[in-house]
There are 2 protein chains.
Amino acid sequence: MTQLRIEFWFDFASTYSYLSAMRLDPLARAAGVGVTWRPFLLGPIFAAQGWTTSPFRIYPAKGRYMWRDMTRRTQALGLPLQQPDNLPQNSVLAARVAQLALGTPKGVAFCKSVYGAEFGQGRDIADPVVIRACLEQSGLPCDMIEAAQSDDNKRRLRRSVEEAMARGLFGAPSFTVGDELFWGDDRLEQALDWAVGHA
Amino acid sequence: MTQLRIEFWFDFASTYSYLSAMRLDPLARAAGVGVTWRPFLLGPIFAAQGWTTSPFRIYPAKGRYMWRDMTRRTQALGLPLQQPDNLPQNSVLAARVAQLALGTPKGVAFCKSVYGAEFGQGRDIADPVVIRACLEQSGLPCDMIEAAQSDDNKRRLRRSVEEAMARGLFGAPSFTVGDELFWGDDRLEQALDWAVGHA
């Protein structure tokens, strides 16, 4: 039997990816579905469609709504929410370290730690001090920050962005089950159902 | 006791509003919540943020995804889906007639009939022949098409658009419970919960 599996595509700058990152594990476990965490960057994808920043900044009504909606959703889920100062945050450093960390069993803990620091405590994830604390918290060595700057690791992240674009991703979080694409935290349950129903 | 109530804001050009229009009634009834149907037009709201057409046309990857997602959702809900030729459809005539028809007990049936013709059968709702058939199907007089062109009725629809913009709506479907805004078919259940929990 093939193991059921979904891919979870996330950008650390994405608010709704925080929700999925925090609620994904128990739901996937209950469904018997494995999860591959796929860090990527929305910046190049947004740029390709003519956006130079987050759509939540380009369309202020949408941005105001998003924070109100995030407040309601995090309250319902029992998650902390603290709006960081500079939005969208520069997520390149965090994504590079995650790319490397996810090659270890502690990578998922690192990703959750980054989301918790960013949207739970409002900290700046472009700051290496914050990323170092997240590595420590998840039991990973601090020098992963330097190791993540290798050409090879940078290239792997770039290839993920290219793969995301080629597969039609245009936002985060996204979930893929084979060629099937699901966009948005609201589609997490449906992506898991799809993996189970189309094995 | 105040009657629990939500407002359902819809544009006939909006694909996801079709889903909400078709599944709203039984859910609201089960929750004990009344629904005020509020036709409005996204065109002027999109124009105010610099869009001259649907975001699903402006961002093709999003458009392709939307139809795939609509296919999955309508299959799950047991609704027909037929993509109309010209998208987004011009929904002004349908909205004006709905504005008038919703003053009668058969207005909701008319709105559902329009959505069914448009996205269930792929018909052109800018065509008065189609709107006339929807009026007949819902037991309303065909001359409502002419009556809907009165200055007073046009003005009422324009005021709805202004109210929508003032209340921060930026897409459809949207749901409001007092000042609380919910965007997207995915938020229908949460809007109903909110109405019940914050009465």
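**Close-up views of the two-chain model**

Figure 1. B:Q89 sits in the loop of chain B that runs between helix 4 (60-77) and helix 5 (92-101). The model shown here and in the other views is predicted. With a relative accessibility of 6%, B:Q89 counts as buried, since the limit for that class is under 20%. The side chain of B:Q89 reaches the backbone nitrogen of B:I125 at 2.7 Å. Leaving out residues up to four places away in sequence, B:Q89 touches B:A13, B:P84, B:E118, B:R123, B:D124, B:I125 and B:A126.

**Figure 2. Helix 5 of chain B and its cover.** Of the 10 residues of helix 5 of chain B, 7 are buried, and the helix is mostly covered. The buried positions are B:L93, B:A94, B:A95, B:V97, B:A98, B:Q99 and B:A101. Which elements cover them? The cover includes one strand, strand 2 (34-39) of chain B. It also includes helix 6 (107-120), helix 7 (128-137), helix 8 (144-147) and helix 9 (151-166) of chain B.

**Figure 3. The contact between chain A and chain B.** Chain A gives 21 residues to the contact, and chain B gives 21 residues. Between them the two chains bury about 2,100 Å², with 52% of this area on carbon and sulfur atoms. On the side of chain A, the residues that lose the most area to chain B are A:Y59, A:Y65 and A:R187, which together make up 27% of what that side buries. The count of residue pairs in polar contact between the chains, both at pLDDT 80 or more, is 13. Two or more residues on the side of chain A that touches chain B come from each of helix 4 (60-77), strand 4 (180-183) and helix 10 (188-197) of chain A. Helix 4 of chain A has the largest share, 7 residues. By type, the residues of this side divide into 10 nonpolar, 3 polar and 8 charged.

**Figure 4. Salt bridges across the contact.** Chain A and chain B are joined by 8 salt bridges. In one of them, A:R187 pairs with B:D186, and the closest N and O atoms are 2.6 Å apart. A:R187 also forms a salt bridge with B:D69, where the closest N and O atoms are 2.9 Å apart. This second pair crosses from helix 4 of chain B, which holds B:D69, to the loop between strand 4 and helix 10 of chain A, which holds A:R187. Both B:D69 and A:R187 are buried. A:R187 is also one of the residues of chain A that lose the most area to chain B.

**Figure 5. Salt bridges within chain A.** Over all chains, the count comes to 26 salt bridges. One of them joins the side chains of A:E7 and A:R38, with an N to O distance of 2.8 Å. A:E7 belongs to strand 1 (residues 5-10) and A:R38 to strand 2 (residues 34-39) of chain A, so the pair links distant parts of the chain, 31 residues apart. A:E7 and A:R38 are both buried. A further salt bridge is formed by A:R23 and A:E189, whose closest N and O atoms are 2.8 Å apart. Because A:R23 lies in helix 1 (residues 15-31) and A:E189 in helix 10 of chain A, this pair ties together parts 166 residues apart in sequence. A:R23 is buried, at a relative accessible area of 13%, whereas A:E189 counts as partly exposed at 33% relative accessibility.

Figure 6. The structure holds 0 disulfides over all chains. A:C111 is buried, with a relative accessible area of 0%, and B:C111 is buried with a value of 0%.

Technical notes. Residues are numbered from 1 along each chain as its sequence is written. Chains are lettered from A and ligands numbered from 1 in the order in which they are written. This is a predicted model: local features need pLDDT of at least 70, side-chain atom pairs count only at pLDDT 80 or more; totals for chains, interfaces and linings use all residues. Side-chain values use heavy atoms; hydrogens and water are left out. Contact means heavy atoms within 4.5 Å. Buried area is the accessible area (1.4 Å probe) that two parts lose on being put together, summed over both. A salt bridge is a side-chain nitrogen of Lys or Arg within 4 Å of a carboxyl oxygen of Asp or Glu. A polar contact is a pair of N or O atoms within 3.5 Å; within protein, one must be able to donate a hydrogen and the other to accept it, and residues adjacent in sequence count only if both atoms are side-chain atoms. Helices (H or I, at least four residues) and strands (E, at least two) are DSSP runs, numbered from the N terminus. Ala, Val, Leu, Ile, Met, Phe, Trp, Tyr, Cys and Pro count as nonpolar, Asp, Glu, Lys and Arg as charged, and the others, Gly among them, as polar. A disulfide is a pair of cysteine sulfur atoms within 2.5 Å. Buried means under 20% relative accessible area, exposed over 50%, partly exposed in between (1.4 Å probe, protein chains only).
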